[in-house]
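Open the model in your viewer and keep the selection panel handy. We will go from the whole chain down to one residue.

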Amino acid sequence: MADKLKIDIVSDVVCPWCTIGYKHLEKAIKDLGVEDKIDIEWQPFELNPNMPAEGQNVTEHITEKYGSTLEQQKESQQRMTDIGGALGFKFDYFEDMRMVNTFDAHVLLEYAKDFGKQTELKMTLTKAFFSDRKDVSKKEVLKEALLEVGLNADEALAKLDNEEARYQVRSIQNQWKNMGVNSVPTIVFNRKSAVTGAQPIDTFKQVLSELLNE
């Protein structure tokens with residue numbers, strides 16, 4: 001069999017369109033029956049690298065960052081909730097929802113890569129934030145997610161105080177930024193071509209079919 005198709009997904013844990021984009025890609029892979037021909041690696045991107053520890057109310061944050069009105073935000077959230085529901089993912093937006101810092105989550109995702117648990121941990125953290133109303137910047141929430149996917153929580157959490165591990169994640173982030181990635185999700189195929197945004201399932205099917213038949 002030919003080498004696997006390498007797919008890098010540059011994304012953030014608290015990015016709704018990253019979740020939708022991945023779910024579309026996952027469905028395309030399943031529909032084509034090519035699970036064994038794909039190798040997915042998640043790459044770190046912080047939507048809000050300067051987010052303080054206490055986070056910020058989501059409505060306030062979106063207004064400040066994008067200038068969206070409350071009505072526009074409600075419409076967008078409803079749209080994401082509907083799309084997510086159709087894909088089997090629950091977006092539960094609520095009044096006191098807070099945008100949080102995700103750097104620690106990215107350090108743990110880098111750790112999970114060595115154990116083949118990256119996708120599992122990514123989706124567990126995303127679900128914790130969007131479906132379960134949990135703060136993914138808090139150590140107890142991160143620990144819960146690590147245990148849920150069967151990782152050594154103590155060993156993983158020790159990475160959060162490890163300067164080398166933190167530096168590595170910052171370096172990877174900068175590497176992707178230097179390659180021109182400035183919005184997420186950015187989905188890169190074999191480090192040669194890329195698509196941005198939550199593309200439809202059919203688009204992913206077409207791209208995958210073309211690349212796997214090369």
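Predicted model: local features only at pLDDT ≥ 70, side-chain atom pairs only at ≥ 80, totals over all residues.

Residues are numbered from 1 along each chain as its sequence is written, and side-chain values use heavy atoms, leaving out hydrogens and water.

**Stop 1: the whole protein.** Show the cartoon and you will find nine helices and six strands (DSSP runs, H or I of at least four residues for helices and E of at least two for strands, numbered from the N terminus). Buried residues make up 48% of the 214 residues; buried means under 20% relative accessible area with a 1.4 Å probe, counting protein chains only.

**Stop 2: helix α4.** Select residues 103-113: 10 of these 11 residues are buried, so the helix is largely enclosed by the rest of the structure. Among the buried ones are Phe-103, Val-107 and Tyr-111.

**Stop 3: Ala-165.** Move to helix α8, residues 163-178, and pick Ala-165. Is Ala-165 buried or exposed? Ala-165 is buried, at a relative accessible area of 11%. Leaving aside residues up to four places away in sequence, Ala-165 touches Val-107 and Lys-159, a contact being heavy atoms within 4.5 Å. Finish by drawing a distance from Ala-165 to Val-107: their C-alpha atoms are separated by 6.8 Å, though the two lie 58 residues apart along the chain.

Note on methods
Buried < 20%, exposed > 50% of the residue type's maximum accessible area, 1.4 Å probe, protein only.
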